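Biologist: Can you take me through the packing here, and tell me what each label rests on?

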Amino acid sequence: MSQSSPLASLWNQRQLLIAGLAVLGILAHLVLWQLGQTELQNWPLFLVLGLGGGPLVFELLIKLFARQFGSDLLAGISIVTSVLLGEYLAGALVVLMLSGGEALEMYAVRRASSVLEALAGRMPTRVHREVAGQVVDVQAEQIEIGDTLVIYPHEICPVDGTVLKGHSVMDESFLTGEPYRMSKSPGAQVISGAINSDTALTIRADKLPIDSRYARIVKVMQQSSQQRPHIRRLGDQLGAVYTPVAIAIAVLAWLISGQPNRFLAVLVIATPCPLLIAIPVAIIGAISLAARRGIIVRDPAILEKIDRCRTAIFDKTGTLTYGRPQVTEQIVAPEMEAATVLRLVASLEQYSKHPLSGAIVAAAAAAELKLSAADSISERPGEGLCGTIEGRRIQVTSRNQLQTLDAVQAATLPPLQAGLECVILIDGVYAATYRFRDEPRQDGASFVQHLRPRHAFQRVLIVSGDRESEVRYLANSVGISEVFAEQSPEEKLAIVRRETQQADTVYLGDGINDAPALMAATVGLAFGQHSDITSEAAGAVIMDSSLTKVDELLHIGRRMRQIALQSAVGGMLLSIIGMLFAAAGYLPPVAGAVTQEVIDVLAVLNALRVSVLPSSL
């Protein structure tokens, strides 16, 4: 059934109605029982079992014929058994557990599909196209390459393009995950999905809407969602073993003794409440504990899966670093004045979206330098950032590119050091080298080194869109040897898919360009709250962007799984012992039901331990 189909919506509504009916029926039964209305007290339960239990049992019969032996199948048999035994309240409770669980599962699926809905709904459907000096509104799909478009204040850019007229600022944080606002001037590149500030811009469409950056991210997210593997839940895995065992014991008890009531007694005590209740209680307790630690769990399934992950994949900026590079050194040519160079370079960098640009602009602000507007700018791949400021040609490039352009000037460069740097030319003459540091998180190295011995991770990777030199520097700082630099969202997605096929993966990222990879990984963890889309795509959100919190989530997941297994397996073993006594005739159906209730209470009480904060966490 499609996640977003009308049939799925109707199915979920029906499960909610059945759950609501079960709640009302059980409450009505208890009220009538309290009032002493013995003749009427079971009628609400009959309605629950007939209108709610009947369809559920029919669906479970279909699973039986398909040889799908899950814990819910045994619950269906328990409904029938409870009716035959006259245990109508027990049957109604099983109906409530089944329908409520189905509704919650469908709700989780709808939440996952809301990522794509949020992405698609963000883009404008109508745009302003300029033709012969007149602005005409047209449908977005009518845009062609080369069209002149006008983006009014506070509107979203519909395509990738180049600014022709106007000076403004655009919010591109939806893509980068960083709270950067990029200045735009004639010649600057704009990307689809960016939000314009309070001044109109005229741009040239360089790509069709369906080929623009934003549409490509939507497309790879759709592919990731469709190809995401289905992972069976813990309760289903245990139920696949428990259900045939319980049925086999019940059938053998009947065949050997020749007494049908022993079959019923075994099934009564076999009702899988440790699976249907104890495991969800443990999961809810873990979600509550994580929330108190500043971790929002969006997909409860990750708590079952995270302890099995063996490959950790990190984005770089904002994940292993603080995402705030700073200028650490300005090495200026002898004939240049440091303040003048910084003012000119910062005037150009205010139009760039590169993370180092913000560091240069911040350095100029700290020096209280007044910036100028650019007459023209360009930022083509391989050429760096170029522009004209106050009639002077400014170019910000790399050491390698300068060596290609001018071997004589390259000889004047300062010695190469580890870390980040850029080279500045003014009117074609070498002017300065700026060095930067985007400091690794203080807990980065210890966290990475902690992953293998404490959490059994076998591989740790960095997959980043940043330059090779920057990523290598960080990898060496935190102790990661496997590096994938200069990766697009599509390439990140391919790497995560490949790694996930080999072993369960945890992916950590903070930008919307990480969203496809977050969805493709076994467990996706988003850092911070910079992007709603990223948060929706992730299984959990680390609210204060701390690697220590990731470690806590790993421990919470392991502890939850251990306690859930204790509750479920322990409850099943006690139930099997009880089933053997019932099969031998020592536990009649009523006593078996009481015994099962005691087992359920023990399993649930043990599961509640998950929500108690351990001293070691």
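Modeller: The open sheet has six strands in the order β12-β17-β16-β15-β14-β13, with antiparallel pairing; strands are DSSP E runs of at least two residues, helices H or I runs of at least four, numbered from the N terminus. This is a predicted model, where local features need pLDDT of at least 70, side-chain atom pairs count only at pLDDT 80 or more, and totals for chains, interfaces and linings use all residues. Residues are numbered from 1 along each chain as its sequence is written, and side-chain values use heavy atoms, with hydrogens and water left out.

Biologist: What makes β12 and β13 the edges?

Modeller: β12 (326-332) and β13 (374-378) each have a single partner strand, so one side of each lacks a neighbour in the sheet.

Biologist: How do you know that β16 and β17 pair?

Modeller: Pairing takes at least two DSSP bridges, and seven join β16 (residues 420-426) to β17 (residues 429-437). Ile-426 stands opposite Val-429 in β17.

Biologist: Which residues of α8 meet α20?

Modeller: Arg-262, Ala-265, Val-266 and Ile-269 in α8 do, where contact means heavy atoms within 4.5 Å. Their partners in α20 are Ser-575, Gly-578, Met-579, Ala-582 and Ala-583.
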